Amino acid sequence: MPALTGRKALITGASRGIGRAIAEAFAREGAALALVATGTDKLAATAARCSELGAAAVHTFGLDVRNSADCDAVVKQAAEKLGGLDIVVNNAGVTRDNLLMRLSDEDYNTVLDTNLRGTFNITRSATRSLMKSKCGRVINVASVVGVVGNAGQANYAASKGGVIAFTKAVAKELAGRGVTAHVIAPGCIDTDMTAGLDAKVKEEALKGIYLSRFGKPEDIAAAALFLAGESGSYVTAQVLIVDGGMTA
Ligand code: NAP
């Protein structure tokens with residue numbers, strides 16, 4: 001039987017990159033899916049692919065995770081359509097890189113509001129459903145930058161470090177209800193987020209990666225699948241670094 005048969009998962013940032021790969025991996029394992037992103041065109045393409053791959057059901061929602069009232073409404077609708085929620089993957093995220101001296105309030109707030117507040121909004125909205133599930137899982141996609149920092153990314157580092165601390169608190173708070181909470185901290189992954197990096201920056205980053213390549217979205221999806229299924233049921237409050245050895 002596919003590993004996620006009977007499981008209902010909500011995934012944010014599912015239109016592209018890592019979120020799309022996670023959605024496809026969960027679809028292959030028979031999960032029923034609620035897919036979230038701001039734009040719905042690319043989301044529709046992800047949904048169509050997930051149906052082909054074997055998802056038990058697929059629903060899409062255009063949502064800005066920064067808006068808490070909208071998060072409440074979408075999570076409620078998703079739980080109604082799927083008949084509950086077992087897994088929440090907070091993956092939606094943005095960067096607005098700049099040196100600290102030049103970092104604007106707007107760029108600081110956009111990154112913190114999307115990456116950290118968005119994770120809080122969705123997790124809070126889903127808590128009641130997750131507690132009702134017999135196998136509740138929160139899977140938050142942070143970054144190695146939230147563990148070790150990075151010059152030019154103070155806002156992003158603060159947001160992802162916050163996601164890590166937030167997840168550990170959630171793991172403690174919900175453990176008594178059988179809900180686990182995890183962080184996946186990717187290194188450099190080939191997606192739209194890294195596509196615009198300067199060739200020299202990429203070359204320099206590659207020198208520090210033991211496995212001498214950027215990761216693929218599927219590398220992160222494999223980690224998410226492990227944590228989401230029965231295989232990950234005795235793992236909680238951990239930060240799973242998937243970075244090819246970049247921070248080792
Ligand atoms: P991506 O290709 O840029 O995709 C970002 C996704 O987030 C898109 O689906 C986007 O939706 C969604 N999103 C952005 N802002 C949103 C908002 N306010 N509300 C709802 N959805 C929103 O990024 P990615 O590389 O796959 O990154 C996914 C996650 O992994 C992020 O949290 C990122 O920080 C983290 N990460 C990435 C890397 C990397 O090297 N790529 C490394 C470490 C961590 P739309 O398509 O509608 O804009």
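Two strands pair if DSSP finds at least two bridges between them. Helices (H or I, at least four residues) and strands (E, at least two) are DSSP runs, numbered from the N terminus. This is a predicted model, in which local features need pLDDT of at least 70, side-chain atom pairs count only at pLDDT 80 or more, and totals for chains, interfaces and linings use all residues. Residues are numbered from 1 along each chain as its sequence is written, and side-chain values use heavy atoms, leaving out hydrogens and water.

- Seven strands form an open sheet with parallel pairing, in the order 3-2-1-4-5-6-7.
- Strand 3 and strand 7 (239–242) are the edge strands, each pairing on one side only.
- Strand 2 (residues 32–37) pairs with strand 3 (residues 57–62) in the parallel sense over six bridges.
- Within strand 3, His 59 is the bridge partner of Ala 34.
- Strand 4 (residues 87–90) and strand 5 (residues 137–141) run parallel and are joined by four bridges.
- In strand 5, Ile 139 stands opposite Val 89.

**Helix 1 and helix 2**
- Helix 1 (residues 17–28) and helix 2 (residues 41–53) pack with their axes 8 Å apart, at an angle of about 25°; axes are lines fitted to C-alpha atoms, for helices over the stretch in contact, and angles run from 0 to 180 degrees between N-to-C directions.
- The contact (heavy atoms within 4.5 Å) is made by Arg 20, Ala 23, Glu 24, Ala 27 and Arg 28 of helix 1 and by Ala 45, Thr 46, Arg 49, Cys 50 and Leu 53 of helix 2.
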